[in-house]
Amino acid sequence: MRILFCNIAWMNYYKGIIQGKDEPVGGGSYVVKNNDAGEAYNFCPIHTKWDDGLEQDICYGFTETKTSKSGKIQDLHIEKIEGCEHCAKEEFVEDVTVIYCAARPRQGFTSVVGWYKHAIVYRKYQIAEVPLSDRTYYYQYYNAEALKEDCVLLPKNERRITKWNVPRRQTGASYGFGQSNVWFADGRRENKLLDEFLKKTIDKIENYQGENWIDIQQDTLM
């Protein structure tokens, strides 16, 4: 299975920033300085009508990649995803399970907050037009997309250390997030602990039957 872990800011609903109710926490200096986050709409499905008449609800996910000292935004190296080693010249890969994670405020651990199954993951940022009202739009950068029916946003109280914890290497773990916001979870053949973690995580995702906050409507939060 193709797996990609992405670190993002913590929010409850990811359906836009709602002052005093759902604001991003963590996620780097930009979030702190601007009280804004590219991932604010990661679990806000957009109803899309295609030229052939097909209509779909699609989620567009953002995770920030590194920026060079010269200010250039670096690519998301999709060829590092397991099973995509041959994609060094491709601009996107398909059928990836993207697992979004965030540091839970004041509790000192990182939790899975949700996931996209069967996602398309892009090397470079794309832009989606997100309608805020009948006449206004928000232009969202994204590097993953998936159909709404393949996306799950865990309820806030479900995101517990005993169920969805994701390690960070700076805590001494032999696997997990490093300094980058993306973790390719490579090396499972050499690391039995990593292999066990991935098997358990995917099993929980495949068998999750709980509430899905992606079904919460944006206008009910205002």
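Helices (H or I, at least four residues) and strands (E, at least two) are DSSP runs, numbered from the N terminus. The model is predicted: local features need pLDDT of at least 70, side-chain atom pairs count only at pLDDT 80 or more, and totals for chains, interfaces and linings use all residues. Residues are numbered from 1 along each chain as its sequence is written, and side-chain values use heavy atoms, with hydrogens and water left out.

R104 sits in the loop between β4 and β5. Its relative accessible area is 12%, so R104 is buried (under 20% relative accessible area; exposed is over 50%, partly exposed in between; 1.4 Å probe, protein chains only). Neighbours within four places in sequence aside, R104 is in contact (heavy atoms within 4.5 Å) with W10, F109, K156, N157 and R159. R104 and L147 are 43 residues apart in sequence, and their C-alpha atoms are 26 Å apart in space. R159 lies over the face of W10, at 4.8 Å from the ring centre. The criterion for such a charge over a ring is NZ of Lys or CZ of Arg within 6 Å of the ring centre and within 35 degrees of the ring normal.

The loop between β4 and β5 also holds R106. R106 is exposed, at 84% relative accessibility. Its phi is near 65°, a positive value in a residue other than glycine. D95, in strand β4, is not a glycine either and has a positive phi of about 60°. D95 is partly exposed, with a relative accessible area of 47%. Most residues other than glycine have a negative phi.

Helix α3 comprises 15 residues, 192-206. At 1.5 Å a residue it should span 21 Å, and its end C-alpha atoms are 21 Å apart, which agrees. The expected span is 1.5 Å times one less than the number of residues. Buried in α3 are L194, D195, F197, L198, T201, I202 and I205. These residues cover an arc of only 160° around the axis, which puts them on the same side of α3; the arc is that of the directions from the helix axis to the C-beta atoms. They pack against β1 (2-7), β4 (92-103), β5 (110-131), α2 (161-164) and β8 (182-183). The face turned away from the buried side carries the exposed residues K192, K199 and K200. At the start of α3, a side-chain oxygen of N191 comes within 3.1 Å of the backbone nitrogen of L193.

The whole structure contains 20 aromatic pairs. Rings of Phe, Tyr and Trp (its six-membered ring) pair if their centres lie within 6.5 Å; planes under 30 degrees apart count as stacked, over 60 as edge-to-face and the rest as tilted. W164 and Y208 form an edge-to-face pair, 6.4 Å centre to centre with 70° between the planes. W164 lies in helix α2 and Y208 in the segment after α3, so the pair ties together parts that are 44 residues apart in sequence. Both W164 and Y208 are buried. F177 and W183 form a tilted pair, 6.0 Å centre to centre with 55° between the planes. F177 and W183 are likewise buried. Ring pairs link F5, Y175, F177, W183 and F197 into a cluster. K204 lies over the face of W164, at 4.9 Å from the ring centre.

Note on methods:
A polar contact is a pair of N or O atoms within 3.5 Å; within protein, one must be able to donate a hydrogen and the other to accept it, and residues adjacent in sequence count only if both atoms are side-chain atoms.
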